[in-house]
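Here are my notes on this model. They run as numbered points, one topic each.

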Amino acid sequence: MVEQSETPIQSQQPPPDEIVEATSQPLHSIFTKNEKALLVAFASAGAFFSPLTANIYYPAIVNLSRDLHVSTNLINLSITVYLIFQGLAPTFVGSFSDVRGRRPAYIACFIIYFGANLGLALQNSYAALMVLRCLQSSGSSGTVALANALVSDIVTSAERGKYVGYASLGAFLGPILGPIIGGLLNQFLDWRAIFWFLVILSAVTLALFLIILPETCRNIVGDGSIPPQKWNISLLAHLKQRSLRKAGIRPPTKPPLMRKRPNFLATIQIIFSKNAFLVLLYTGLLFAGFYTITATIPSVFQRVFHFNSLQVGLCYIPFGAGSMISAIVNGRMIDWNFRRHARIQGITITKGRQTNLAHFPIERARLELVLPLMVTGSLLLIAYGWVLAKTTSLAGPLILMLPMAFCVSGSFSVLSTLMVDMYPESPGTATAASNLVRCSMGAGAVAGIGPLVEAWGTGWTYMLVSGIWLGCTPMLFAIFRWGPGWREERRVRIEEKKEEKRRKAEANDLETVGAVVVGEGEKSGDKS
């Protein structure tokens, strides 16, 4: 289905060959619509584990401190190290997956995560708890960077918002179910039951990934038609190939794509690049404020409403529900705004074919949605803070949570989609850069929000958070203004490096041929 372009309403138009190129691109992926839905479901399931693991742990803090004979402050230190590794692990996983493939990265993450949970269920010392929590965080958080990367492999920019929204459903579902499951297991069994639950859940998920998930990384399989390495083929794909061979049908073979080594410094390079720095900084500030809300819910709600851990866990439901609704609604809004700007630019979008973004205002097409969401979310946060400070009614905070989460989570989905758009050749590394910034800033915010709420109260504290959000919105206008130019500078640099490598390769080939000719000439002279 091809959307017809309307009369452009702006004078700035892409070159004529750009319009032709937009419609003559090959199919982006050979996966069918149902297969894409299944792959996105796997990505969402993988992203579910990191927030689930972070939130399922909170109800067990008091019991852990009692059984391990340490203070609750020392147990809280295990949360800090979890957040640190939650930011660091995707830095390596994202770069590895961009080069070696999504499937081996997923499998490695789940093996590490399974082993860490098994150890946590059996351990009896504080030192073991700290070490294993680091491993647990490394395994679970690595899958976060892989979710958006997998979506980028199989869908085009024109439909990426919707699929990124679906892939993030698991990440938004984790904070809802985590406290509820943790509270139930801790209250009716004990804290070890939490880790045994995660052992079973991760083992089942790992088995499904091994059996079903195919390789999608475009650096490995292209549009999905190039066979991956033999060791990187899922069980279902192997059985399908074997049945084809028995029927006398040989699967199509293509030459493997060029592979390179993982660059684990690429994440840092992206963070400090001109076209990504402001996007990541705003993302970090957004999520730092997000974490201040979720981190204070247990202490504030226990103090104001005298709730136990299970009741506090249930209070996360409106927040998670708002995030899940946002993932669906705002994902479609992202794609709608992309199509609107394509019509303005006179570019025809063909379903399943990637649009060339070289002359497309992708920054404006994405970030126009963030401005109204963040202004609304900031005002709702101010109201939420003062309602908690001035009333003992539970209805007010719970009602405000849903639209507030809708706005904040929607803004994050837009920013995540933009990062993948700007780095289509390394989406895993780009997502890892975003994760590193937001987790680092979030950890700092969580460390400082408790004393701030005690000193100022929720009303003035969340006015400060909202003020920071609103005060940083000029960064979005800066991205509107200079973002396309920065992106074009980067594209030109990449093309120049590719051309330089090509010339060097040709020069080396000529030297090799010359050396062979000289060697053969010398042998002929010796014989004569």
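1. Thr473 counts as buried, because its relative accessibility is 12% and the cut-off for buried is under 20%. This residue sits in the loop between H19 and helix H20 (474-527). Its contacts, leaving aside neighbours within four places in sequence, are Tyr282 and Leu371. Bear in mind here and below that the model is predicted.

2. The overall make-up comes next. The protein chain has 20 helices and zero strands. It runs to 528 residues, and buried residues make up 53% of them. Take the contacts in the chain with a separation of 6 or more: residues 24 or more positions apart account for 85% of these.

3. Val221 is another buried position. Its relative accessibility is 2%, so Val221 counts as buried. The residue is found in helix H10, which spans residues 218-221. Gly101 lies 120 residues away from Val221 along the chain, yet the two C-alpha atoms are separated by 8.9 Å.

4. Now the aromatic residues. The structure holds 18 aromatic pairs. In one of them, Phe49 and Phe110, the ring centres are 5.2 Å apart and the planes stand at 80 degrees, so the pair is edge-to-face. The reasoning rests on the cut-off: planes over 60 degrees apart count as edge-to-face. Phe49 belongs to helix H2 (residues 33-56) and Phe110 to helix H5 (residues 102-122).

5. Trp386 lies in helix H17 (residues 370-390), and Trp460 lies in helix H19 (residues 427-471). They are 74 residues apart, and this pair too links distant parts of the chain.

6. How do H2 and H5 pack? The angle is about 30 degrees, and the axes are 12 Å apart. The crossing is left-handed. H2 supplies Ala43, Gly46, Phe49 and Thr53 to the contact, and H5 supplies Tyr106, Phe110 and Tyr113. By type, the contact residues divide into five nonpolar, two polar and no charged.

7. Helix H7 (residues 160-167) and helix H18 (residues 395-422) pack at an angle of about 120 degrees, and their axes are 10 Å apart. That angle makes H7 oblique to H18. The crossing of H7 and H18 is right-handed. On the H7 side, Arg160, Gly161 and Val164 make the contact; on the H18 side, Ser413, Thr417, Val420 and Asp421 do. The residues of this contact divide into two nonpolar, three polar and two charged. The contact of H2 with H5, by comparison, has no charged residues.

Note on methods:
Residues numbered from 1 in each chain as written. Predicted model: local features only at pLDDT ≥ 70, side-chain atom pairs only at ≥ 80, totals over all residues. Heavy atoms only, no water. Axes fitted to C-alpha atoms, helices over the stretch in contact; angles between N-to-C directions. Helix = DSSP H or I, 4+ residues; strand = E, 2+ residues; numbered from the N terminus. Parallel < 35°, antiparallel > 145°, perpendicular 65-115°, else oblique. Left-handed = near helix turned anticlockwise from the far one by under 90°. Contact = heavy atoms within 4.5 Å. Nonpolar A, V, L, I, M, F, W, Y, C, P; charged D, E, K, R; others polar. Phe/Tyr/Trp six-rings, centres within 6.5 Å; stacked < 30°, edge-to-face > 60°. Buried < 20%, exposed > 50% of the residue type's maximum accessible area, 1.4 Å probe, protein only.
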